[in-house]
Amino acid sequence: MSKRILIINRGEIAIRIAKAINELGHVSVGVWTDNEPKAYHLSYCKEWTRLEGSNNSETYLNQDKILELAKKLDIDAIHPGYGFLAENSEFVRKVENEGIIFIGPNAEAIDLMGDKAKSKKLAKDANVPTVPGSLGEVESIKEAEEIAQEIGYPVLLKAVAGGGGKGMRICSNKNELEINFPAVQREGQSSFGNPGLLVEKYITNPRHIEVQILADKKNIFHVYERECSVQRRHQKIVEEAPSPFIGNDEKVRNNICETGVRLAAAVNYDSAGTVEFIMDEDKSFYFLEMNTRIQVEHPITEETTGIDLLANMIKSALGERLDISSQEEISQKGHSIECRICAEDPVSMLPAPGVVSGFDYSFPQGIRFDHCIYSGIEITPDFDPMIGKLISFGINRDVAIRKMRDALERLEIVGLKNNIELHKAILNEEKFKSGNYSTKYIEEVSPQDKIQLSSERRDEIMMAAILGEII
Amino acid sequence: MRYYFSGENEVVFDIEKTKNGYKILKDKLEKIYSIKEIGDSLFFSSDDKEWKKLIKLKSLKDISIASDKFNVYKGFKPSGVGEQDFGSLVTQMPGKIVKLFCSVGDEVKKGDTLLILEAMKMENEIKAGADAVVKLVNVEENQSIESGHLMLELDIKA
């Protein structure tokens, strides 16, 4: 039976959700806010309605207003997308209390995975490896040394309350540990009012590898892994599936994927979600966190497995049968890469809002572009600078790279500052092409320094812009 | 028509309509572009061999090239004197006509002030870039105009 599904999100993900809802024969209901009355996602929704207000706390984060709207519109289910209320268990409970279906995991699973200490303990109990280190606060230098001896140097001293790179020091030997221990204590006290610290194994060149989970009330499947090691400010900008670092090592692949399923099972996971790991040089891996939502980079998994994650996430929540009924039906084929197209300076990588005055593309075979751009749209500082995701699929990694390089050449966004040139630099860079790169890639390789445009090319761009306007 | 791309450096282009397309001049670099329409798309070429799709722009107020951002001004720069080499005087900034010094049929000399436009809280003297005859006056004193408004047209003397 056709359901009325409210999308409380915007941008490219709202479009992706609306497409899945429409395809399944349900009614997609989109919202617009006062600072985005002409949002592109509306054009994909069957019904549109106003969510009054212009800042996010009045709109996409306003639980009561959303619930009121849902009741008024006779909504059967709510899809939160990512960000905003996607991982807010309080909201999930409120939605369910109204007899509305939340398209996402159960509130309990969100609670358990949202708490770092709880999720780490849960992982340990489920026999999922976590980064080796102290179980709780370390009281003395002597205790820290004993732990470091056991897990091996280098170790990371971490202020319990720290964050954003503050209150963290790497120690490669006993001597450094003795010097840094009191320093981190002082930093913790002065920055966070808490001198407590933890000792953890320091992973020198970590790879960020994550396992896609798809589950309903009965089954938990993995939909293989993705590698997302190209990051800036701890945010991913290029992702690929399968992981080039795991490569042909099927033993490691099976192991990490099954570990992901084990963890999801430990919280009775019942939706689409992602278990994130970091992988060391020797391919040992450790649980980082679980994202209890659909992720930005889900398309590369869809491309390599053929499984529509959004449609299945909706079916799971509505209690319908998934498109697959066993793990054996799921296989990974070819290679897919995603480049996040952001309204930001390609060199400083800082957000740069503005107006898109011209927009055009003509892609080769194998390209998918999930985006929310049109000519004339204003990208405001109210939301995340990500405006689109360029996704390539090829029979192998080299082909996926080739297709992506061509697609980047043929994607034109005029007026608005964007990071297309940065992606071109990355896709042409040797270390990226080799597939052997860590989360320090941007920091170490600095591909932004390789962005080069000749003065002739600059003149041509300007002349083309003049012609583009007067004609 | 003159375009100023004003960023860290300033680049100036002059564009002129020709019989089959457009001529764009930058310093000594001159390119003549032909335009061709196929379906809904427009293409341009400077050698009639290699054609590139033209991205139709809603407006050209600013443009980013990699990390560099340029403000684009048409006809004149709001910060100073805009010397006109070509006939059409179009304002890029919304503004107000403070004074009008010419009327249709007037002969003007290069450097003559034609009108004063107040835009961005600054008065801009719009001057004739060449000896010419005023062909059209499309503004009056105290009139507020939007960006893109054609203010004057001159017949440039050969």
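Visitor: Hi! What does B:Lys26 stand opposite in β4(B)?
Guide: B:Lys26 faces B:Leu29 there. This is a predicted model, where local features need pLDDT of at least 70, side-chain atom pairs count only at pLDDT 80 or more, and totals for chains, interfaces and linings use all residues. Residues are numbered from 1 along each chain as its sequence is written, chains are lettered from A in the order in which they are written, and side-chain values use heavy atoms, leaving out hydrogens and water.

Visitor: Okay, and how many bridges link β3 and β4 of chain B?
Guide: Strands β3 (residues 21–26) and β4 (residues 29–38) of chain B pair in the antiparallel sense over 6 bridges. Strands are DSSP runs (E, at least two residues), numbered from the N terminus, and two of them pair if DSSP finds at least two bridges between them.

Visitor: What's the strand order in the open sheet of chain B?
Guide: Its 8 strands run β6-β5-β4-β3-β2-β1-β8-β7, with antiparallel pairing. Strands β6 (52–53) and β7 (62–65) of chain B stand at the edges with a single partner strand each, so one side of each is left without a neighbour in the sheet.

Visitor: New topic: where is A:Asp360 found?
Guide: A:Asp360 sits in strand β16 (residues 358–361) of chain A.

Visitor: And which side chain does A:Asp360 join through a polar contact?
Guide: That partner is B:Lys53, at 3.0 Å. A polar contact is a pair of N or O atoms within 3.5 Å; within protein, one must be able to donate a hydrogen and the other to accept it, and residues adjacent in sequence count only if both atoms are side-chain atoms.

Note on methods
Helix = DSSP H or I, 4+ residues; strand = E, 2+ residues; numbered from the N terminus.
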